[in-house]
Amino acid sequence: MQEICLMGGTFDPIHYGHLVVAEEVRQRFHLDKVVFVPAGKPPHKQDKEISDAQHRIAMTRLATFSNPYFEVSTIEVARQGFSYTVDTVEEIINQYGIKQVYFITGADAVLEILTWKDAPRLLSMTNFIAATRPGYDLSNLKEILNLLHPDILKRILPLEVPALSISSSDIRRRAKEGRSIKYLLPEPVEDYIFKNGLYALD
Ligand code: ATP
Ligand code: MG
């Protein structure tokens, strides 16, 4: 049976922080593939403006095409309404005929899992990998996780990854201010951003 990992994100834009985490997880857990799932309508980012799904998908494809283990799925953006991870995981499980998936979250996102829709059902289908992320304390996270029920705890696997202090918000801010975004994301994504005038001044 295939071992598949999902990497969810807004990917507005995708950057080396995302890619390094995905590759590290793939190798560490001997996974057959990592499926990048650009978020459709994230319920936790309702107050923020997000680039068009088509742009975010295109950038995710450009960033991942050179890695044979990486795939991009459009299932969330194709679905109507808000994107809930539990629905995405269920769809992927059915699509690939598997029983469970790995799901990558950065240290900032992992604690939110418990607030996600149908958290117990989601946890029963998923192993969450909590990747270290600069600026977010994973030792703190371990303390909090220890308060959780052992059944939940065994589903969450902390993983140290090479630290890259890169975020999409910072890249958007830099682009808007006319500052360089070079070396923070793959060159084809950088070119795409400029060709399509993303994140420029209004
Ligand atoms: P934004 O600043 O717009 O929130 P972001 O850089 O946090 O963007 P997301 O698309 O929100 O990117 O993140 C998708 C997933 O990738 C999340 O689980 C997040 O924690 C993780 N992630 C993003 N950047 C890094 C990084 N530099 N190191 C480790 N994990 C990261
Ligand atoms: Mg984020």
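How many C-beta neighbours inside 10 Å does Glu90 have, and does Glu90 count as buried or partly exposed? With 16 such neighbours, Glu90 counts as partly exposed, given that a residue is called buried if 20 or more other C-beta atoms, placed from the backbone, lie within 10 Å of its own, exposed if 12 or fewer, and partly exposed in between. Glu90 belongs to helix H4 (residues 85-96), where helices (H or I, at least four residues) and strands (E, at least two) are DSSP runs numbered from the N terminus. In space, Glu90 and Met125 are 7.9 Å apart from C-alpha to C-alpha, while in sequence they are 35 residues apart.

The model described here is predicted, so that local features need pLDDT of at least 70 and side-chain atom pairs count only at pLDDT 80 or more, whereas totals for chains, interfaces and linings use all residues. Residues are numbered from 1 along each chain as its sequence is written, and chains are lettered from A and ligands numbered from 1 in the order in which they are written.

The protein contains 10 helices and 6 strands. Its radius of gyration, taken over C-alpha atoms, is 17 Å, close to the 17 Å that the globule rule gives for 202 residues, so the protein is as compact as a globular protein of that length; the rule itself is 2.2 Å times the number of residues to the power 0.38. The C-alpha trace spans about 50 × 35 × 35 Å along its principal axes, and buried residues make up 33% of the 202 residues. Two residues are said to be in contact if their C-beta atoms, placed from the backbone, lie within 7 Å, and of the contacts with a separation of 6 or more, 78% are between residues 24 or more positions apart.

The largest nonpolar core has 40 residues, a nonpolar core being a set of buried Ala, Val, Leu, Ile, Met, Phe, Trp, Tyr and Cys residues joined through C-beta atoms within 7 Å. Cys5 and Ile104 are the residues with the most contacts inside this core. When residues up to four places away in sequence are not counted, Cys5 touches Val25, Arg26, Leu31, Val34, Val101, Tyr102, Phe103 and Ile104.

H1 has 13 residues and reaches 18 Å from its first C-alpha to its last, close to the 18 Å expected at 1.5 Å a residue, the expected span being 1.5 Å times one less than the number of residues. Just after H1, His30 takes a positive phi of about 50 degrees. Helix H2 (residues 53-64) has 12 residues that should span 16 Å, and its end C-alpha atoms are 16 Å apart, which agrees. Its buried residues are Arg56, Met59, Thr60, Leu62, Ala63 and Thr64, and they pack against H1, strand E2 (33-38), strand E3 (70-72) and helix H10 (187-195).

Most residues other than glycine have a negative phi, and most peptide bonds are trans. In the loop between strand E1 (4-9) and H1 lies Phe11, which has a positive phi of about 50 degrees although it is not a glycine and which counts as buried with 25 C-beta neighbours inside 10 Å. Pro13 is found in that loop between E1 and H1 as well, and the peptide bond from Asp12 to Pro13 is cis, with omega near 0 degrees. Asp118, in the loop between H5 and helix H6 (119-125), likewise has a positive phi of about 50 degrees, but counts as partly exposed with 15 C-beta neighbours inside 10 Å.
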